[in-house]
Amino acid sequence: MSGLIAILKKNIRQYMMVIALAVAMVAFGLLTDGIFFRPVNLTNLVLQNSYVLILAVGMLLCTLTGNIDLSVGSMVCFIGALCGVMMVDLQWNPYLSIFLALLCGTLIGMWQGFWIAFVNVPPFIATLAGMLIFRGLGQVIMKGQTKAPFPEEFQMISSGYIPDPFGGATIGAVHLHVFTLLIGFLIVALITFSEIQKRKKQKEYAFDLLPTGIWLVKVIFIAAVLAAFTIVFAVYKGFPNVLILLGVLVVGYQFVASKTVQGRYIYALGGNRKAAELSGVKVKWVMFWIYTNMAILATVAAMVFTARLNSATPKAGQNFEMDAIAACYVGGSAVSGGVGTVIGAVVGGLFIGVLNNGMSIIGISTDWQQTIKGFILLSAVAFDLYSKSRSSKVA
């Protein structure tokens, strides 16, 4: 029993956020008489929050170093404006425009990374400058005008759904997207297999393990939830393209953060910069890579957001940086760095998205929504600091 309590204490932030997300979804399902769980609403939930989740993936790496990036919202505005000029004004090929936008985002990231890593400008100041610069440049490019509409190929980034090569299947009055079902259940099988392999490895190295019964409940719960959401999407139009994009990013970055040398360097840098330098970590290049990567993901988020709106506006991206930062800290990132996961950041972003969506359906005003989210962010950071002070006293 004491071993179980120790494991739960060690992972309290992770378990708390997953439980809080589940409770919030069930609560809004009851308060909205089931409207929240309708396929169309859950699809809209993914589409409305996809760009914030993409930003949160990149922001997580920044928070692991104990820093943040304030420029990502303005980058969404600037890249959206750039796409508007290329595709709407100049009528350039959308695929060429996407490539050029990604190239531009990479150069912006290298620019900011240079100031942070090699000139030693604090990330807060460098990205604050970027926030002002790129918001201003975006408004200069658009001259206060909205640029629309975008080509259909570009819109498909955010509004399209994966095709069903099997043509679907009809059961009674319900039409199912068969390819979505296959993908979803394959994911469930892979996750279940990975959990089994992970437990075997933990047992091999004599790590603390959850009791078998509790572990089985955890695996069955995860599989059931994923299967349920797969069926919900299959009943509607299938998985949105942006959900597949988001899934690839989450899996890829989770692997980089947890299984590669570069990922270990980031955690080491956040844990203790001096010790990381003395251990041979090229701290400057790690910081350069992190902020270059953040700009690339901000470019992807900009295109997803612009494609969803089917327009580029001077006000695009406002407060996006705050939502991404909040997603990371609510999802378990430590304020001082060195602690946090990509999955946690995504769960935090989903939690905030569920709150926004549920409160909107109920009819709570946006002013109160902002207030509630502010209290949640404050509580998450306060809990992190409290947990650290408790663990230091025990040590």
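**Close-up views of a predicted model**

**View 1. Serine 333 sits in the loop between helix H14 (320–330) and helix H15 (342–362).** The model shown here and in the other views is predicted. With a relative accessible area of 3%, serine 333 is buried, because the value falls under 20%. The side chain of serine 333 makes a polar contact with the side chain of threonine 63, at 3.4 Å.

**View 2. The largest nonpolar core has 81 residues.** The members that touch the most other members are Ile54, Leu55, Met59, Ile79, Cys83 and Phe154. Helix H13 (residues 283–309) gives the most to this core, contributing 17 residues. Residues come from both domain 1 (12–160 + 240–388) and domain 2 (161–239), so the core lies between the two domains.

**View 3. A second core, of 18 residues, is separate.** Among its residues are Met25, Phe36, Ala326 and Ile352.

**View 4. Surroundings of methionine 59.** Leaving aside residues up to four places away in sequence, methionine 59 touches Ile68, Asp69, Val72, Met294, Glu321, Ala324, Ile325 and Cys328. Methionine 59 is also one of the residues with the most contacts to other members of the largest nonpolar core.

**View 5. Isoleucine 372 is part of helix H16 (residues 366–394).** The relative accessible area of isoleucine 372 is 31%. Isoleucine 372 is therefore partly exposed, since 31% lies between the limits of 20% for buried and 50% for exposed. A distance of 9.0 Å separates the C-alpha atoms of isoleucine 372 and leucine 355, which are 17 residues apart along the chain.

Methods. Residues are numbered from 1 along each chain as its sequence is written. This is a predicted model: local features need pLDDT of at least 70, side-chain atom pairs count only at pLDDT 80 or more; totals for chains, interfaces and linings use all residues. Side-chain values use heavy atoms; hydrogens and water are left out. Helices (H or I, at least four residues) and strands (E, at least two) are DSSP runs, numbered from the N terminus. Buried means under 20% relative accessible area, exposed over 50%, partly exposed in between (1.4 Å probe, protein chains only). A nonpolar core is a set of buried Ala, Val, Leu, Ile, Met, Phe, Trp, Tyr and Cys residues joined through side-chain atoms within 4.5 Å. Domain bounds come from an automatic or database domain assignment. Contact means heavy atoms within 4.5 Å. A polar contact is a pair of N or O atoms within 3.5 Å; within protein, one must be able to donate a hydrogen and the other to accept it, and residues adjacent in sequence count only if both atoms are side-chain atoms.
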